[in-house]
Amino acid sequence: MLALGTVAPEFNLPEPATGKTVSINDFSSAPALVVAFLSNHCPYVKHLQKGLASLAADYAGRGLVFVGINANDIQRYPADAPDKMVTEARNAGWKFPYLFDSTQTVAKHYRAACTPDLFLFDANRKLVYRGQFDDSRPGNGKPVTGDDLRKAIDAVLKGEAPPSRQIPSLGCSIKWKPGNEPDYFK
């Protein structure tokens, strides 16, 4: 896992919905940044998609920037192709940038493992939270609230440390291109 306190790895990725390239530097003045590794087809992401939209919208007025990144291999998983990302974001109500990491380099720099995999950085772009959205899972009957991530964001926006108890994200593994699996899995 990416260690708490690590400075956010840079990214400069295309946003299929707009055709623009988005950089982490575009958000340098934001007091908090969430980088979420997502996919179009994963049932765990599908389960949370409306909750992700609500959370991003709820905190946008408070300065939080939310960015989604899809790093899946689209040759083996065509449902994650950039044109389908545009449809997925629209259907989910995502107003945040949803970027495509075709080389999977950014996912490796973040040491991302699954979708969703959530990273919260403070104003200095230091990692302060890497964990689950909440304890809801497909089929467990618990409501999608975003409670774990919300508590961490609230703390960061108040200039406080997020809760020390951080439960890792659970979801679908990132679909690495053959031979491109990161060393941290070996």
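User: Does A112 count as buried or exposed, and what is its relative accessibility?

Analyst: Let's start with the terms: buried means under 20% relative accessible area, exposed over 50%, and partly exposed in between, using a 1.4 Å probe and protein chains only. A112 has 0% relative accessibility, so it counts as buried. A word on the model: it is predicted, so local features need pLDDT of at least 70 and side-chain atom pairs count only at pLDDT 80 or more, while totals for chains, interfaces and linings use all residues. Residues are numbered from 1 along each chain as its sequence is written, and side-chain values use heavy atoms, with hydrogens and water left out.

User: Where is A112 found, and what is it in contact with?

Analyst: Helices (H or I, at least four residues) and strands (E, at least two) are DSSP runs, numbered from the N terminus. A112 is in the loop between α3 (105-110) and β6 (114-115). Contact means heavy atoms within 4.5 Å. Leaving aside neighbours within four places in sequence, A112 is in contact with residues including F37, F119, W176 and Y184.

User: Which residues of helix α2 are buried?

Analyst: Here is the general idea: an α-helix has 3.6 residues a turn, so residues three or four places apart point the same way. In α2 (residues 82-92), the buried residues are M85, E88, A89 and A92. They cover an arc of only 95° around the axis (taken from the directions from the helix axis to the C-beta atoms), which puts them on the same side of α2. The face turned away from that buried side carries the exposed residues D83 and R90. Covering the buried residues are, among others, α1 (43-60), β4 (64-70) and β5 (98-100).

User: How many aromatic pairs are there?

Analyst: Rings of Phe, Tyr and Trp (its six-membered ring) pair if their centres lie within 6.5 Å; planes under 30 degrees apart count as stacked, over 60 as edge-to-face, and the rest as tilted. By this rule there are 7 aromatic pairs. In one of them, the ring centres of F66 and F96 are 4.5 Å apart with planes at 50°, so the pair is tilted. F66 lies in strand β4 and F96 in the loop between α2 and β5, so this pair ties together parts that are 30 residues apart in sequence. Both F66 and F96 are buried. Another pair, Y110 with F121, is edge-to-face, at 5.9 Å centre to centre and 85° between the planes.

User: Which residues do ring pairs link into a cluster?

Analyst: The cluster is made of F37, Y110, F119 and F121.
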